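Subject: Handover of a structure

Dear colleague,

Please find below the sequence and structure that I am handing over to you. A short account of the findings follows.

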Amino acid sequence: MTVSIVDLKLMQSRAKCLHDMQEINDALDRMAIEITQVLKDQQPIVMTVLNGSIIPVGHLVTRLDFPL
């Protein structure tokens with residue numbers, strides 16, 4: 001199935017923003033604090049499960065303050 005640029009623009013114009021970047025960054029900050037508290041004395045390996053998680057995990061690991 002192919003989607004035209006017109007269809008994409010129409011979908012985008014109808015889309016609703018569920019969370020803005022500040023909310024996402026705040027959530028990543030909270031997650032990083034909790035993960036750091038639990039894993040700071042260990043050497044975890046970070047693996048993503050789905051392709052769509054690569055970018056959020058990339059933003060998350062930059063907030064972790066211990067060796068990975």
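In what follows, helices (H or I, at least four residues) and strands (E, at least two) are DSSP runs, numbered from the N terminus. Leu68, for instance, is placed in the segment after α3. Please note that this is a predicted model, in which local features need pLDDT of at least 70 and side-chain atom pairs count only at pLDDT 80 or more, while totals for chains, interfaces and linings use all residues. Residues are numbered from 1 along each chain as its sequence is written, and side-chain values use heavy atoms, with hydrogens and water left out.

I begin with the salt bridge, a term that stands for a side-chain nitrogen of Lys or Arg within 4 Å of a carboxyl oxygen of Asp or Glu. The structure contains one. It joins the side chains of Arg63 and Asp29, with an N to O distance of 2.6 Å. Because Arg63 belongs to the segment after α3 (54-61) and Asp29 to helix α2 (residues 21-39), the pair ties together parts that are 34 residues apart in sequence. As to accessibility, buried means under 20% relative accessible area, exposed over 50%, and partly exposed in between (1.4 Å probe, protein chains only). Arg63 is partly exposed at 25%, and Asp29 is likewise partly exposed at 34%.

The next topic is the pair of helices α2 and α3. Their axes come within 9 Å and cross at roughly 60°; the axes are lines fitted to C-alpha atoms, for helices over the stretch in contact, and angles run from 0 to 180 degrees between N-to-C directions. This makes α2 oblique to α3, given that angles under 35 degrees count as roughly parallel, over 145 as roughly antiparallel, 65 to 115 as roughly perpendicular and the rest as oblique. Contact here means heavy atoms within 4.5 Å. On the α2 side the contact is made by Leu28, Met31, Ala32 and Ile35, and on the α3 side by Pro56, His59 and Leu60.

Ile35, in helix α2, is partly exposed at 26% relative accessibility. Leaving aside neighbours within four places in sequence, Ile35 is in contact with Lys40, Leu60, Leu64 and Phe66. Leu68, not counting residues up to four places away in sequence, touches Pro44, Val46 and Val61. The C-alpha atoms of Leu68 and Val6 are separated by 44 Å, and these residues are 62 apart along the chain.

Yours sincerely
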